[in-house]
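Below are my notes on the model, as numbered points. Please read them with the structure open.

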Amino acid sequence: MARLARDQPEQNFAVAVIGGGPAGSTCGMLLARAGISTTIIESSEGIRWKIGEGLPPLAKPLLRKLGLWERFLKDEHLVSYGNTSAWGSPDLVDHSFVFDPNGNGWHLDRCKFDEMLLSAAEESGAVLRRGTTVTSWSKTRAEDWKLLLTGRNGQRSEIAARFVVDATGRKRWFARRQGVKEIEYDSLMGWVSLLSPEGPAADKDSLTLVEAVEKGWWYLALIPGGKLVVAFLSDSDLGLIRQSRQPPLWMELLKETTHVSRRVARFGYRIEIGPRAIEVNSSCVNPTTGNAWLAVGDAAAAFDPLSSQGILTAMEAAMHAATAIVQCLQGQGNSLQHYVLEMGEVLSSYLARRYFYYSKERRWYHSPFWRRRTPQT
Ligand SMILES: Cc1cc2nc3c(=O)[nH]c(=O)nc-3n(C[C@H](O)[C@H](O)[C@H](O)COP(=O)(O)OP(=O)(O)OC[C@H]3O[C@@H](n4cnc5c(N)ncnc54)[C@H](O)[C@@H]3O)c2cc1C
């Protein structure tokens with residue numbers, strides 16, 4: 001990428017990235033490396049647990065390309081050798097990464113991972129504002145974006161930027177306010193808990209476990225520190241919302257599983273945090289860009305957790321986004337259009353894969369959850 005002059009005063013940036021998850025920090029880092037004055041604004045600070053932990057082997061070449069591989073290894077995320085699933089049949093079938101040219105995948109300490117990306121962005125020259133939320137936007141007289149920021153103790157400040165990146169995840173904070181259309185492909189919800197073992201951590205099984213049930217499906221993943229992330233996924237309109245939010249009732253639902261409940265009982269896992277209710281439907285915004293802004297990561301297109309691809313896709317999209325923004329700031333008019341096309345291809349290939357995987361489960365024809373996702377014959 002060509003270097004552009006860093007000629008803005010402190011509160012004026014070429015690019016303001018809203019959101020410091022994998023998409024925002026990767027995009028901010030690459031822009032800063034290209035010499036673009038960039039700020040990243042991230043609301044959260046010091047959180048204990050962030051959901052979304054599976055990183056596939058394909059992350060290895062990406063992290064190498066970003067120059068973050070050695071740093072990633074130092075954080076000692078849990079190595080994962082694949083998945084095992086009861087999907088389409090009651091028996092578990094292993095899907096090992098053994099034949100993957102990139103080797104194993106990982107179960108992340110997600111807070112550490114996001115922190116690593118944010119620190120790398122800051123070291124590259126991006127100005128990071130943590131514990132700060134973008135709460136309003138307008139335009140300056142020079143037609144730049146003006147963002148109102150609200151900090152930790154409610155203190156307010158303003159910054160100006162020529163270009164805005166919406167990396168706010170599923171909130172789509174900025175894109176929603178630009179009047180874009182949101183497309184939702186289903187109404188999948190997740191009720192996710194963090195579980196701790198009763199005694200010292202003895203569970204060593206780092207395969208991701210997926211189990212289909214009549215009303216949806218469950219997944220379970222061991223994370224660094226010997227804790228377990230367990231999630232129940234079902235549609236928001238199937239009458240399970242009240243039940244799934246309450247720990248004892250969520251545990252009752254879990255008992256309807258075979259493999260997940262066996263694992264939880266074996267090590268005496270108990271809920272430490274949760275269940276948290278989260279929208280996890282497949283959705284996107286259309287268009288993903290506008291005049292001097294674009295959406296990236298989940299803000300642009302969010303995927304079903306079954307794909308285990310959200311983080312990787314967000315980071316890859318951030319690389320495309322950074323290139324498009326640099327070109328746009330240099331006056332190359334069609335650069336954002338390329339980005340739109342790239343995002344469109346990613347989304348269509350994801351939707352085809354999603355259809356393929358859900359179609360493999362044919363045991364519950366009568367269940368609305370599966371009927372909506374499988375071909376009717
Ligand atoms: C149950 C579940 C399981 C998942 N499992 C996996 C998995 O195994 N593997 C995988 O790859 N992906 C998984 N994902 C998806 C993955 O977590 C996301 O795809 C990924 O986090 C997207 O990154 P992002 O940077 O786009 O958004 P996010 O990580 O959501 O980051 C957005 C950031 O924006 C900040 N923000 C929001 N609004 C504002 C504002 N107004 N001002 C300032 N900051 C703001 C938020 O604090 C947040 O840090 C899972 C998701 C869920 C819900």
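**Notes on the predicted model**

1. Gly-125 counts as partly exposed, at 28% relative accessibility; the class covers what falls between buried, under 20% relative accessible area, and exposed, over 50%, with a 1.4 Å probe and protein chains only. The residue sits in the loop between α4 (110-123) and β8 (127-130). Helices (H or I, at least four residues) and strands (E, at least two) are DSSP runs, numbered from the N terminus. From Gly-125 to Leu-58 the separation is 67 residues in sequence and 27 Å in space, C-alpha to C-alpha.

2. On conventions: this is a predicted model, in which local features need pLDDT of at least 70 and side-chain atom pairs count only at pLDDT 80 or more, while totals for chains, interfaces and linings use all residues. Residues are numbered from 1 along each chain as its sequence is written, and side-chain values use heavy atoms, with hydrogens and water left out.

3. The ligand has 35 residues around it, of which Glu-42, Lys-50, Gly-54, Arg-110 and Ile-311 come nearest; a residue is near if one of its heavy atoms lies within 4 Å. A polar side-chain atom of Lys-50 is 2.7 Å from a ligand oxygen atom. Gly-54 places a backbone N or O atom 2.7 Å from a nitrogen atom of the ligand, and Ile-311 places a backbone N or O atom 2.8 Å from an oxygen atom of the ligand. Taken alone, the ligand exposes 1000 Å², and the protein buries 90% of that; the areas come from the Shrake-Rupley method with a 1.4 Å probe, and for residues only the protein chains shown count as cover.

4. The elements giving two or more residues to the shell around the ligand are α1 (22-33), β2 (38-42), β9 (133-139) and α9 (310-329). The largest share, three residues, is from α9. By class the shell has 15 nonpolar, 14 polar and six charged residues. Here Ala, Val, Leu, Ile, Met, Phe, Trp, Tyr, Cys and Pro count as nonpolar, Asp, Glu, Lys and Arg as charged, and the others, Gly among them, as polar.

5. How many aromatic pairs does a search of the whole structure find? There are 22 aromatic pairs, where rings of Phe, Tyr and Trp (its six-membered ring) pair if their centres lie within 6.5 Å, with planes under 30 degrees apart stacked, over 60 edge-to-face and the rest tilted. Phe-174 and Trp-293 have ring centres 6.1 Å apart and planes at 70°, so this pair is edge-to-face. The pair links distant parts of the chain, with Phe-174 in helix α5 (residues 173-177) and Trp-293 in strand β20 (residues 293-295), 119 residues apart. Phe-174 is buried at 0% relative accessibility, and Trp-293 is buried at 4%.

6. The rings of Trp-218 and Phe-232 are stacked, because their centres are 4.9 Å apart and their planes are at 25°. Trp-218 belongs to strand β15 (residues 216-223) and Phe-232 to strand β16 (residues 227-235), 14 residues apart. Both Trp-218 and Phe-232 are buried.

7. Ring pairs also join Trp-87, Trp-217, Tyr-219, Tyr-358, Trp-364, Phe-369 and Trp-370 into a cluster. The charged end of Arg-373 sits over the ring of Phe-369, 3.8 Å from its centre; the criterion is NZ of Lys or CZ of Arg within 6 Å of the ring centre and within 35 degrees of the ring normal. Lys-139 likewise lies over the face of Trp-145, at 4.0 Å from the ring centre.

8. Backbone geometry has some entries to check. Most residues other than glycine have a negative phi, and most peptide bonds are trans. A cis peptide bond joins Gly-274 and Pro-275, with omega about -5°, and Pro-275 is in strand β17 (residues 270-279). Another cis peptide bond joins Asn-286 and Pro-287, with omega about 5°. Glu-76 has a positive phi, near 50°, and is exposed at 66% relative accessibility. Ser-308 also has a positive phi, near 50°, and is partly exposed at 39%.

Technical notes: Polar contact = N/O pair within 3.5 Å; in protein donor to acceptor, adjacent residues only side chain to side chain.
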